[in-house]
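Here's a quick briefing to read alongside the model. Have the viewer open and follow along.

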Amino acid sequence: MIEIRGVHKSFGELTVLRGIDLRIDPGTVTAIIGPSGSGKSTLLRTINHLEQADAGTVTVAGTLIGYRRRGDRLHQLAERDLLRQRSTIGFVFQDFNLFGHLTVLQNVIEAPLSAQRRKRREVEPLARDLLARVGLADKADEYPRRLSGGQQQRVAIARALALQPAVILFDEPTSALDPELVGEVLEVIAELARSGATLVIVTHEIGFARRIADTVAFMDGGQIVESGPPNSVLDHPQHERTRAFLSKVL
Ligand code: ADP
Ligand code: MG
């Protein structure tokens, strides 16, 4: 579903991604763990071309992201085409990023209507179903500021789902939440995983990663140091850097 090949990224002098290769199969959950500053967010943002890689390619559901192939040359997509392409990839941010001037329902239907040009009579019932799925059927007409952080993040998940995306990327979806609100958001994500969605989750919740991930990838210094099933990476790490990280967070 996602194929990342040879991705490099620098910001000025700072090299943040040093050759990332990762293959994510349909219907699987991949958890990306690693220390702060190791490049996890940059990698996620590269997948939907919020960051442009300096080298390498990302393919999602068979589509090359950010470029059009002409012969053996790559040409940048126009902004409008990029927005449409990006709308096939759900993204859930640490700090929710809801539109404050729109109601919950309006937040969920905005991108399907504008970026995907779907019909309101099709999108609105879907949005209401999705709000029910994340336990917020009665909040459709509220504004985000009147919701708790956990509720806002569940709206953000419904909004991502409304795009009917091939994959959903989560960047530390529970890091900004009060501890008592973490569980309700993780439960929604776990339900998505059970339903067969393809998910990529950057998380510090190691226990959660162990419970729902098919693959855990440990990043450090802009590289994937090791990846594999949770019981091998988390319980029998092969690399000293992985062991050192886990000894601090477990
Ligand atoms: P992580 O999510 O693993 O904490 P990030 O991908 O956010 O790591 O950041 C990796 C490194 O890249 C950090 O040193 C960060 O300061 C730097 N960085 C991230 N985004 C930018 C940017 N837009 N401009 C300059 N430096 C950046
Ligand atoms: Mg980050």
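**The open sheet**

Four strands make up an open sheet, ordered β2-β1-β4-β5, with antiparallel pairing. At its edges sit β2 (14-24) and β5 (63-64), each of which pairs on one side only. Keep in mind that this is a predicted model: local features need pLDDT of at least 70, side-chain atom pairs count only at pLDDT 80 or more, and totals for chains, interfaces and linings use all residues. As for labels, residues are numbered from 1 along each chain as its sequence is written, while chains are lettered from A and ligands numbered from 1 in the order in which they are written.

A couple of ground rules on terms:

- Helices (H or I, at least four residues) and strands (E, at least two) are DSSP runs, numbered from the N terminus.
- Two strands count as paired if DSSP finds at least two bridges between them.

**Inside the sheet, and the helix across it**

- β1 (residues 2-11) and β4 (residues 55-60) run antiparallel and are joined by five bridges.
- Isoleucine 2 has valine 60 of β4 standing opposite.
- Helix α1 (residues 40-47) lies across β1, β2 and β4, at about 60° to β2; axes here are lines fitted to C-alpha atoms, for helices over the stretch in contact, and angles run from 0 to 180 degrees between N-to-C directions.

**Glycine 6**

- Glycine 6 belongs to strand β1.
- Is glycine 6 buried or exposed? Glycine 6 is exposed, because 12 other C-beta atoms lie within 10 Å; the cut-offs are 20 or more for buried, 12 or fewer for exposed and partly exposed in between, counting other C-beta atoms within 10 Å, with C-beta atoms placed from the backbone.
- Neighbours within four places in sequence aside, glycine 6 is in contact with Gly19, Asp21, Ala55 and Gly56 (contact means C-beta atoms, placed from the backbone, within 7 Å).
- From glycine 6 to leucine 177 is 171 residues in sequence and 34 Å in space, C-alpha to C-alpha.

**Helix pairs around α5**

- The axes of α5 (residues 149-162) and α6 (residues 179-194) come within 8 Å and cross at roughly 15°.
- That makes α5 and α6 roughly parallel to each other (under 35 degrees is roughly parallel, over 145 roughly antiparallel, 65 to 115 roughly perpendicular and the rest oblique).
- α5 meets α6 through Gly149, Gly150, Gln153, Arg154 and Ile157 on the α5 side, with Leu181, Glu184, Val185 and Val188 on the α6 side.
- The residues of that α5 and α6 contact split into four nonpolar, three polar and two charged; Ala, Val, Leu, Ile, Met, Phe, Trp, Tyr, Cys and Pro count as nonpolar, Asp, Glu, Lys and Arg as charged, and the others, Gly among them, as polar.
- α3 (residues 104-114) packs on α5 too, at an angle of about 25° with the axes 8 Å apart.
- The α3 side of the contact is Val104, Asn107, Val108, Ile109 and Pro112, and the α5 side is Val155, Ala158, Arg159 and Ala162.
- By class, the contact of α3 with α5 comes out at seven nonpolar, one polar and one charged.

**Strand β3**

- Why is β3 (residues 29-33) largely enclosed by the rest of the structure? Because five of the five residues of β3 are buried.
- β3 pairs in the parallel sense with β10 (residues 199-202) over four bridges, where threonine 30 has valine 200 as its bridge partner.
- β3 also pairs in the parallel sense with β11 (residues 215-220) over four bridges, and isoleucine 33 stands opposite phenylalanine 218 there.

Key
Two residues are in contact if their C-beta atoms, placed from the backbone, lie within 7 Å.
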